[in-house]
Amino acid sequence: MDIRSELCESDWDVILFNHDKSFLDCSTALNVLKESGKDIPLIIYSDVSDENAVHSALYSGAHDYIHKGSALYLVHAIEREIRNAEIRQAKVKAEDQIYHLAFHDELTNLPNCNLFSEKASAMFSRLAESDAIAAMYLVDFDRLPYINSIYGSGVGDRLIQQFSQRLSAYSTENCLLTRIEGCKFAFFNANVTDAESVQDFANQIIKLAISQVTIDNLIFYLRLNIGICVYPVDGGNIAQLLANAESTLSHTRYLWKNTCTYYTKEIEEVAVKRSLLETALRSAIEKNELLLHYQPIVDLQSGALSGVEALVRWNHPEFGLLLPEKFIPLAQETGLIIDIGRWVLWQACRQAGLWHQAGYGSLSISVNISAIEFDQTQLISSISHVLAETGISPELLELEISESTLMRDAETSAQILQALKDMNIKIAMDNFGTGYSSLRYLKHFSIDILKIDRSLTHDIIIDPDSSEIIAAIIAMARNLDLLVLATGIETKEQFDFLHHLRCDRAQGFLFSRPMIAQDMLHLLAQRKTGTLA
């Protein structure tokens with residue numbers, strides 16, 4: 001029998017080697033077994049009783065050496081090795097499972113980032129030797145949070161699985177695929193040869209968005225964005241390529257869906273600035289770089305200054321005075337908005353207390369509460385603590401919460417708002433009229449003020465639709481015993497229109513731009529009559 005061919009063709013639990021005096025050398029069989037790399041126990045059944053032969057065989061790797069005539073012992077030895085083989089197989093299977101779990105994504109079964117990076121890194125030496133190029137594609141589809149919130153995470157997970165199966169059709173030995181997180185995937189494609197082939201592969205991925213995805217009779221269409229960078233010009237290692245592709249993908253959020261964007265130095269500069277901003281923002285409060293500006297809120301019927309809104313600014317040491325749109329989105333993404341929000345609330349209430357002590361005791365202070373802050377379990381206790389520390393009356397604190405935030409979970413929002421109302425705090429629904437179907441919740445929510453978004457007030461003179469919508473909002477609010485605050489008022493015509501409709505309050509550049517606390521005090525002193533005439 002040819003031992004080599006038999007080992008290649010079969011997987012045995014135990015090898016029983018029948019050894020007699022006519023074939024004294026069993027080392028050949030043991031060497032062949034070692035060369036095969038297979039972990040199969042070999043038992044020698046021999047009529048040679050020489051003690052040196054036994055020691056030599058066991059030293060060379062035999063699992064047991066049994067003299068012929070000891071059949072019972074042979075049976076026990078075979079049974080023992082079969083049991084051991086099962087244990088070894090179970091151990092190998094467990095190790096394979098552990099390896100798979102450690103290096104594969106649980107949801108999609110794709111290689112995870114560690115294995116992806118390891119395999120991609122191994123390709124770099126070959127690419128460098130041949131001066132070849134490769135491309136990193138970071139692929140993301142949107143609306144997953146929306147789908148999870150409407151249909152549940154189970155549907156979202158199945159959508160990710162189907163999407164990964166489609167992407168896997170393009171995965172080869174030289175085109176690696178991984179799931180980064182959520183609905184974000186990455187290809188490292190070493191099959192590309194020039195700019196045209198780089199774009200062709202991106203087009204193939206985008207075509208995936210054309211076909212619908214069906215889950216439990218629900219039909220979805222994917223909308224993709226792709227960030228692309230090319231090796232070696234856009235990065236010399238996997239970490240750098242992934243980082244640059246991430247920066248590029250972030251840039252695509254402002255573009256049409258189902259598009260791809262290539263990495264550029266300008267994108268890198270934006271990413272670097274963003275990174276610097278994030279690092280600096282983490283210490284902005286400690287370094288006293290944040291400050292508040294205050295914009296007057298005017299009673300449209302009497303002309304009195306009824307309150308002010310606190311607006312945060314960042315006096316950046318390098319970039320100068322930054323408005324909220326330059327850093328608040330970053331603060332929300334990083335979670336820093338919680339600390340910033342607490343600082344704003346405390347500073348605004350403290351300043352309002354100083355104005356009240358100066359003789360302006362009826363002046364209200366408005367503070368915006370972000371969606372992330374609104375979701376925090378300690379929101380109520382945190383606000384109570386600020387009110388106790390600053391000593392202002394809760395009736396003079398107005399919290400502005402966006403319509404979209406309240407509508408994410410209407411029932412929970414109603415409970416939180418009621419807790420705030422029980423503290424006698426006023427609640428303003430911010431950005432009202434921006435498209436959410438919340439009319440039936442207005443009575444359900446404990447709302448005091450509707451704050452009309454500036455996108456509606458901007459065109460009220462020239463756009464009949466905007467003027468009719470605002471008129472309807474004011475009429476509805478009056479029936480519900482709610483106050484209406486119109487924002488973004490910049491012209492006398494807008495003022496006259498709102499005054500005619502008997503809108504309650506307004507704020508905007510027509511009355512005053514946001515100002516520091518000291519200038520606000522001067523304004524209050526100049527308006528002893530209580531008007532902004």
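Reader: Let me start with helix H7: how many residues has it, and how far does it reach from its first C-alpha to its last?
Author: This is a predicted model, and in it helix H7, which covers residues 153–168, has 16 residues and reaches 22 Å from its first C-alpha to its last. That is close to the 22 Å expected at 1.5 Å a residue.

Reader: And which residues of H7 are buried?
Author: The buried residues of H7 are Val 155, Gly 156, Leu 159, Ile 160, Phe 163, Ser 164 and Leu 167.

Reader: Switching to rings, how many aromatic pairs does the structure hold?
Author: There are 11 aromatic pairs in the structure. One of them joins Phe 124 and Tyr 231, a tilted pair with 4.8 Å from centre to centre and 55 degrees between the planes.

Reader: Where in the chain do those two sit?
Author: Phe 124 belongs to helix H5 (residues 113–130) and Tyr 231 to strand E9 (residues 224–231), so that the pair links distant parts of the chain, 107 residues apart. Both Phe 124 and Tyr 231 are buried.

Reader: What about Trp 314 and Phe 327, and why is that pair called edge-to-face?
Author: Their ring centres are 5.7 Å apart and their planes stand at 75 degrees, and because planes over 60 degrees apart count as edge-to-face, the pair of Trp 314 and Phe 327 gets that name. Trp 314 lies in strand E12 (residues 305–316) and Phe 327 in helix H11 (residues 324–334), so this pair ties together parts that are 13 residues apart in sequence.

Reader: Is Trp 314 buried or exposed?
Author: Trp 314 counts as buried, at 0% relative accessibility, and Phe 327 is likewise buried, with a relative accessible area of 0%.

Reader: Which residue lies over the face of Phe 509?
Author: That is Arg 513, at 3.9 Å from the ring centre of Phe 509.

Reader: Now the pockets: what volume does the largest one have, and which residues are closest to its centre?
Author: The largest pocket has a volume of about 1,100 Å³. It is lined by 38 residues, and Glu 309, Leu 311, Pro 324, Asn 368 and Asp 430 are the closest to its centre.

Reader: Which elements supply that lining, and what classes of residue does it have?
Author: Several elements each supply at least two residues of the lining, among them E12 and H11, the strand and helix that hold Trp 314 and Phe 327. By class, the lining of the largest pocket has 15 nonpolar, 13 polar and 10 charged residues.

Technical notes: Residues are numbered from 1 along each chain as its sequence is written. This is a predicted model: local features need pLDDT of at least 70, side-chain atom pairs count only at pLDDT 80 or more; totals for chains, interfaces and linings use all residues. Side-chain values use heavy atoms; hydrogens and water are left out. Rings of Phe, Tyr and Trp (its six-membered ring) pair if their centres lie within 6.5 Å; planes under 30 degrees apart count as stacked, over 60 as edge-to-face and the rest as tilted. Helices (H or I, at least four residues) and strands (E, at least two) are DSSP runs, numbered from the N terminus. Buried means under 20% relative accessible area, exposed over 50%, partly exposed in between (1.4 Å probe, protein chains only). A charge sits over a ring if NZ of Lys or CZ of Arg is within 6 Å of the ring centre and within 35 degrees of the ring normal. The expected span of a helix is 1.5 Å times one less than its number of residues. On a 1 Å grid over the protein atoms alone, a cavity is a set of points where a 1.4 Å probe fits but cannot get out, and a pocket is an open set with protein on both sides within 12 Å along at least five of seven lines; lining residues have an atom within 4 Å of a point. Grid points are joined across faces, edges and corners, and a volume is the space filled by probe spheres set on the points. Ala, Val, Leu, Ile, Met, Phe, Trp, Tyr, Cys and Pro count as nonpolar, Asp, Glu, Lys and Arg as charged, and the others, Gly among them, as polar.
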